[in-house]
Amino acid sequence: MVTSDKSFRPLRQRPSFVLSQLGFHSDRTFDELLVPVGVTRRQYGMLRILADADGRTQQELSSVLRVHRNVMVGLVDELEAAGFVERRRNPADRRAHAVHLTDRGRALLPMGEAALDACDDQLFGTLSAADRETLGDLLARVADAAHLLPGVHPGYEQAGDAPPNPISSRGRSNTRTG
């Protein structure tokens, strides 16, 4: 039987825990809403960045997203294979490739925006418009204080990598015994 220690505040009263819950729930909800669009969250995020700055080199995109260049190559390969982007020689540096949205990639953006709107409505539908705006402002202040880049998900840093396992990083073995 589990007993609760009255000296601990309930997790529901801890903003960091509730944000973590909501972040996980938001990711799952957005993933489901993007299925009919035909892209993942990471792919859609990349398309959004290109919509704001089409023609960046893979190296520039890698730097902006804080993604290892090998991960960036894989992401651009995925998007190019799907017909959403194309690589072109960079006129300023013929050794570099600039990444451009295709017409198909641009046409997908409104569908992704609709998925984001639906995600917001599902998550925040119980809030008034004023409450949503206040929450957005508060969260933006917290994100700014954490030095998070606007419009760039910090999960891109580990895109393609397995998340760290805190148990194995403390020297505990992951192998079974007996």
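The legends below describe close-up views of a predicted model.

Residues are numbered from 1 along each chain as its sequence is written, and side-chain values use heavy atoms, without hydrogens or water. In this predicted model, local features need pLDDT of at least 70 and side-chain atom pairs count only at pLDDT 80 or more, whereas totals for chains, interfaces and linings use all residues.

**View 1. The aromatic pair of Phe30 and Tyr44.** The count comes to 1 aromatic pair (ring centres of Phe, Tyr or the six-membered ring of Trp within 6.5 Å; planes under 30 degrees apart are stacked, over 60 edge-to-face, the rest tilted). Phe30 belongs to helix α1 (residues 15–34) and Tyr44 to helix α2 (residues 41–52), so the pair ties together parts 14 residues apart in sequence.

**View 2. The largest pocket.** A pocket is an open set of points on a 1 Å grid over the protein atoms alone where a 1.4 Å probe fits, with protein on both sides within 12 Å along at least five of seven lines; lining residues have an atom within 4 Å of a point. About 2000 Å³ of space lies in the largest pocket. Of its 42 lining residues, Ser26, Asp27, Val152, His153 and Pro154 are the closest to the centre. Helix α1 gives the largest share of this lining, 9 residues.

**View 3. The second largest pocket.** This pocket holds about 190 Å³ of space. Its lining includes Thr57, Arg69 and His97. At least two lining residues come from each of α3 (58–65), α4 (69–81) and β3 (93–101).

Notes
Helices (H or I, at least four residues) and strands (E, at least two) are DSSP runs, numbered from the N terminus. Grid points are joined across faces, edges and corners, and a volume is the space filled by probe spheres set on the points.
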